[in-house]
Amino acid sequence: MDAATNSSLALITTIVGHSSFPLYAISIGAVVLAAISLRIGMAVGSRSQPVSNTIVVDEKEVLMDRMKVAEEIGHFGSFLWNFEHPDHSLWTEQVYALLDLDNQRVPPSPEEFLKYAIDADRAKATAAWERVKLSSGPFTFSFRAVSKLNRLMYLKVQGKMVPGKGKGPRLIEGVITDVTKEMEVDRAKSEFVSLASHQLKTPLTSIRWLSESLLKGTAGALAEQQEKYIATVLDSTRRMIEMVNDLLNVSRIETDTLAIRPEDIDVQALATSVIDEQRSVAEDKRLNLQVRYAENLPHLFADQKLVRIIFQNLISNAIKYTPENGTVICDVSLAEASKRALFLTVKDSGIGIPKEEQSRVFEKLHRASNAEKLVPDGTGLGLYLVKTIMDKVGGGITFESIPGEGTTFYVSIPTTWKSTADSPQS
Ligand code: ADP
């Protein structure tokens, strides 16, 4: 048996000897088994029953062919990386094909593979890989890559880290899929949402402006009933503008055009102006709305629009999800230890978030069942936006919630933000 066959057998031992044995590992095993059977010209274990073993090999070859066709049609390839014995690692042909590479006996290491990421996505892909290495269990990450022949594509890496048990090696196994088409469709959708939201903003702004003028009596005194109707129009228009703004910001995130433009911000003035905007809604519900500032708060060097989104979403949620006569308290202070972050705490005595739904609170479009019942017309975009902004600027957000008693959100906002590339933003 030559060296390559030996190493292929070692790989089968690695795969089959492992406790978990997913479908793509079967495909890898099938690829290798079939390769070995071709190399040594006989079936595995053919010594005792040559006839039936020939059939076994045929089945494996059929399986291997099917898997190959499936990989081609689905634009994905399978991989297995063995940390202790890199020469027992494997890429199926389709992974090489995705990157326009020739097949090699030992595939490139994960670090070499990540070098195909485009410059703008390399740090993100490397950070994701570093997290995967420290974890166990399933993972997914994606990035834009350029093949050897300069084809730009979106790759999604999905897999599983298998910790070494007993004498078994530590492995990572999974599939790499070319998701360029899906990402293009997604991008087109985001661009459409962005365009539609832009178009909606102009008429909505004029409805708001005209309703405000009517309420001020600019066009003459209003009868009581007229005033009530116009106030409702104004209230609904404001909510629609908020929703359109959320949609616009989400589409900016998804088209990578959410630019960060830091400037000097008096955070106390900003928070006060957000609270003032929300005060009338809180008063309608007879809420006790308080805001407390620590002494000597420093100015932030941050993006005004984005900081406003953070305050606006957390405070308006607290007001929205707190029934009449409840309490909403905001605290703004400076992180004691480093003084490099501002702490915002928003505590309410509202409906809380059901335990089983707490893990999904930052997901795009997710709304908890009790929130949907109380306020049917939310978007489920606000917290997703806040979390995405915090991730982008190196801040953090967490919460505690007791259903029926209330929720507290804790946010740490870095005092100095880095500017990003000049992307178009209006
Ligand atoms: P929206 O408020 O438009 O539904 P968000 O993204 O702001 O969207 O919030 C997502 C979900 O998180 C809400 O639908 C609600 O279920 C939950 N949530 C957020 N803030 C609170 C809060 N202060 N109290 C109770 N539930 C909350």
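This is a predicted model: local features need pLDDT of at least 70, side-chain atom pairs count only at pLDDT 80 or more; totals for chains, interfaces and linings use all residues.

Q: Where does α8 itself run, and how many residues has it?

A: Helix α8 covers residues 224-254, which is 31 residues. From its first C-alpha to its last it reaches 45 Å, close to the 45 Å expected at 1.5 Å a residue.

Q: Which residues of α8 are buried?

A: They are T237, V244, D246, L247, L248, N249, V250, S251 and R252.

Q: And what do those buried residues pack against?

A: Three helices: α7 (180-215), α10 (304-320) and α12 (382-393).

Q: Let's take α10 and α12, then. At what angle do they pack?

A: About 140 degrees, with the axes of α10 and α12 10 Å apart. The crossing of the two helices, α10 and α12, is left-handed.

Q: Which residues meet there?

A: From α10 you have L306, I309, I310, N313, L314 and N317, and they meet G382, L383, L385, V386 and I389 in α12.

Q: How do the residues of that contact divide into nonpolar, polar and charged?

A: In the contact of α10 with α12, eight are nonpolar, three are polar and none is charged.

Q: Switching topic: how many helices and strands does the chain have?

A: The chain comes to 12 helices and 12 strands.

Q: What share of the chain counts as buried?

A: Of its 426 residues, 29% do.

Conventions
Residues are numbered from 1 along each chain as its sequence is written. Helices (H or I, at least four residues) and strands (E, at least two) are DSSP runs, numbered from the N terminus. The expected span of a helix is 1.5 Å times one less than its number of residues. A residue is buried if 20 or more other C-beta atoms lie within 10 Å of its own, exposed if 12 or fewer, and partly exposed in between; C-beta atoms are placed from the backbone. Two residues are in contact if their C-beta atoms, placed from the backbone, lie within 7 Å. Axes are lines fitted to C-alpha atoms, for helices over the stretch in contact, and angles run from 0 to 180 degrees between N-to-C directions. A crossing is left-handed if the near helix is turned anticlockwise from the far one by less than a right angle, and right-handed if clockwise. Ala, Val, Leu, Ile, Met, Phe, Trp, Tyr, Cys and Pro count as nonpolar, Asp, Glu, Lys and Arg as charged, and the others, Gly among them, as polar.
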